[in-house]
Amino acid sequence: MDNYLIPYAVILGGLMLLPSVRIQGQDLETLLEEQMEPSTNYVTATFKATRILNGHSIERMPEGQLDFRISHRFGRINEGPYEFFGLDQASTHLSLEYGILDWLMIGLGRGTFEKTVDGFVKISLLRQSTGKRNVPLSISWMSGIYINGLRWIQPEQDNQFVQRLEYVHQLLVARKFGPRISLQITPSYLHRNLVKTVEDPNDLFAIGAGSRIKITKRISFNAEYFYVFKPDPSTLSSPIYDPLSFGIDIETGGHVFQLIFTNAVAMTENGFLGQTTGQWLEGDIHFGFNISRVFQLKKQ
């Protein structure tokens, strides 16, 4: 064979062998078919934190990540300059929230409101996605338990520990509409083992709505409202108003900083659903903030 024909013979021989070439146990035909199949793309960052403002968002901590949260709510703005427009007073809540699995999150906290100790579990049921698996919504379930830590008003009575307990169950249903807008609906149920008077209901139902509008890459505007189905206000020992909140999310690296204006001083569901006594139209507005710091405890 002439020397100038040798390269062409080598190339032709290699092409004839291509169908039998295997890459890490797969032939080229199978590899190409797998690459051409559509993949599932999961929607991320529907909200920037595990809270919209007061209430839970659809988000949960990924597996192996710990979120240390610090929340503050100051006094009412309408208390004027003597109370420094509420800044002389403060209610706090500290919590640790951990992602056990990518679909399972737990949390434990303690707040100054009624000296409450709380715990919750959040389970991701569905994740919004496109591509091979097209799911239009994200759905999660949150269940919380709350322990009132105040001393008994009448300690001489036969007080039982179960009377301190309250429970909340919520279904979180959210959708991200493009890169800037997210909405969530939150049907909620609150049960209180002990109430102040026989006229006060042990069970309350509420429906919440929350939204996020992305302004810049790291800043968004959030709003949240819960309509509480309650009996005639004249029959209650104290009025219950619907919690309404507005705020700004600021993401700074491993932190998410939320600035909040709300008529609810409590930062847990049992408090802001069942014991919001302020009215926006009366100026009963509390300024506050949430700080979220995430730590990676488990290697990915």
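Which element gives the largest share of the lining of the largest cavity? I looked this up and found β4, with 4 residues.

**Basis.** I note that this is a predicted model, in which local features need pLDDT of at least 70 and side-chain atom pairs count only at pLDDT 80 or more, while totals for chains, interfaces and linings use all residues. Residues are numbered from 1 along each chain as its sequence is written, and side-chain values use heavy atoms, with hydrogens and water left out.

**Chain.** I recorded 3 helices and 16 strands in the chain; these are DSSP runs numbered from the N terminus (helices H or I, at least four residues; strands E, at least two). Of the 300 residues, 39% are buried, that is, under 20% relative accessible area with a 1.4 Å probe, protein chains only. I then turned to contacts (heavy atoms within 4.5 Å). Among those with a separation of 6 or more, 57% are between residues 24 or more positions apart.

**Barrel.** I traced 12 strands that close into a barrel, in the order β4-β5-β6-β7-β9-β10-β11-β12-β13-β14-β15-β16, with antiparallel pairing. The twist from one strand to the next averages 20 degrees, taken between axes fitted to C-alpha atoms, with angles from 0 to 180 degrees between N-to-C directions. Two strands count as paired if DSSP finds at least two bridges between them. Ile-219 has Ile-250 in β14 as its bridge partner.

**Cavities.** I found 3 cavities of 30 Å³ or more. A cavity is a set of points on a 1 Å grid over the protein atoms alone where a 1.4 Å probe fits but cannot get out, and its lining residues have an atom within 4 Å of a point. The volume is the space filled by probe spheres set on the points.

The largest cavity holds about 170 Å³. Its lining has 22 residues, of which Arg-51, His-93, Glu-97, Met-267 and Thr-268 are the closest to its centre. Two or more lining residues come from each of β4 (65-76), β5 (90-101), β6 (104-111), β7 (117-126) and β9 (138-147). By class I noted 7 nonpolar, 9 polar and 6 charged residues; Ala, Val, Leu, Ile, Met, Phe, Trp, Tyr, Cys and Pro count as nonpolar, Asp, Glu, Lys and Arg as charged, and the others, Gly among them, as polar.

The second largest cavity holds about 50 Å³. I listed its lining as Thr-92, His-93, Gly-111, Thr-112, Phe-113, Thr-116, Met-267 and Thr-268. These residues divide into 2 nonpolar, 6 polar and no charged.

Notes: On a 1 Å grid over the protein atoms alone, a cavity is a set of points where a 1.4 Å probe fits but cannot get out, and a pocket is an open set with protein on both sides within 12 Å along at least five of seven lines; lining residues have an atom within 4 Å of a point. Buried means under 20% relative accessible area, exposed over 50%, partly exposed in between (1.4 Å probe, protein chains only).
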